[in-house]
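Welcome, and thanks for taking a look at this chain with us. Please have the sequence and the 3D view open side by side as you read.

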Amino acid sequence: MRRFFEIIDIGIATVNKTIAVVGIVAGTLLAFINVVMRYVFNTGWAWAGEATNYLFIWSAFFAAAYGFRKGIHISVTILIERFPSPIAKAYLVFSSALTTIFLMFIVVYSVQYLYVMYELNFMSVDLGIPQWVPMLVLPVAFLGASYRAGEKVYQIAVTPSDKVIINAEAEMIRDSIKKD
């Protein structure tokens, strides 16, 4: 079972990093090429602005989901460090579980949002594609983030309470310099 979750972990991390990097690179190149075409050749693509926006949105959401894996989202532990170890662990499990639940709500409601967009046949203005297609980023990226937050709940739950804060600090330092 552990091997299964390792494969899932690698798959989700690869998808998150790839989409984040490809989105930012493609969006930047598309914007640059369109600006050059507009100001040098007095032409351009009408759809490039909207496509650039969607590329940056996808990149940001998948990078945020990847941030859960790396533990780079802002967390304030100054107060938690003052609690006795069992209380600190319980608080961290609770806050991570609450984060997971919140992210799952976003997944559920974003699927409902996509369904409404599909039913009403909303179309993208410049690209001329159904609006639900670029908005697929919402449930997909938040599902990945939910998995990561749930993974954090498990990691904290199985860590002895006297090592929770120490592990969190060591993990934050290690992940900030470690390359995947």
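Here is a short tour, from the whole chain down to two local spots. Please keep in mind that this is a predicted model.

**Overall make-up**
- The secondary structure of the chain consists of 5 helices and 0 strands, so its order from the N terminus reads α-α-α-α-α by the DSSP runs used here.
- Of the 180 residues in the chain, 29% count as buried.
- The chain exposes about 11,500 Å², and carbon and sulfur atoms supply 72% of that area.
- Among contacts with a separation of 6 or more, 76% are between residues 24 or more positions apart.

**An aromatic pair**
- Searching the whole structure turns up 5 aromatic pairs.
- One of them joins Y118 and W132, with 6.1 Å centre to centre and 80° between the planes.
- Why is this pair edge-to-face? Its planes are 80° apart, and an angle over 60 degrees counts as edge-to-face.
- The pair links distant parts of the chain, 14 residues apart: Y118 sits in helix α3 (residues 85-119), while W132 lies in the loop between α3 and α4 (137-158).
- W132 counts as partly exposed because its relative accessibility is 28%, which falls between the 20% and 50% limits.

**Around S85**
- You will find S85 in helix α3.
- With a relative accessible area of 30%, S85 is partly exposed.
- Which residues does S85 touch, leaving aside its neighbours within four places in sequence? S85 is in contact with S161 and D162.
- S85 and P160 are 75 residues apart along the chain, and 8.9 Å separates their C-alpha atoms.

How values were computed: Residues numbered from 1 in each chain as written. Predicted model: local features only at pLDDT ≥ 70, side-chain atom pairs only at ≥ 80, totals over all residues. Heavy atoms only, no water. Phe/Tyr/Trp six-rings, centres within 6.5 Å; stacked < 30°, edge-to-face > 60°. Helix = DSSP H or I, 4+ residues; strand = E, 2+ residues; numbered from the N terminus. Buried < 20%, exposed > 50% of the residue type's maximum accessible area, 1.4 Å probe, protein only. Contact = heavy atoms within 4.5 Å. Areas by Shrake-Rupley, 256 points an atom, 1.4 Å probe, with all protein chains shown as cover.
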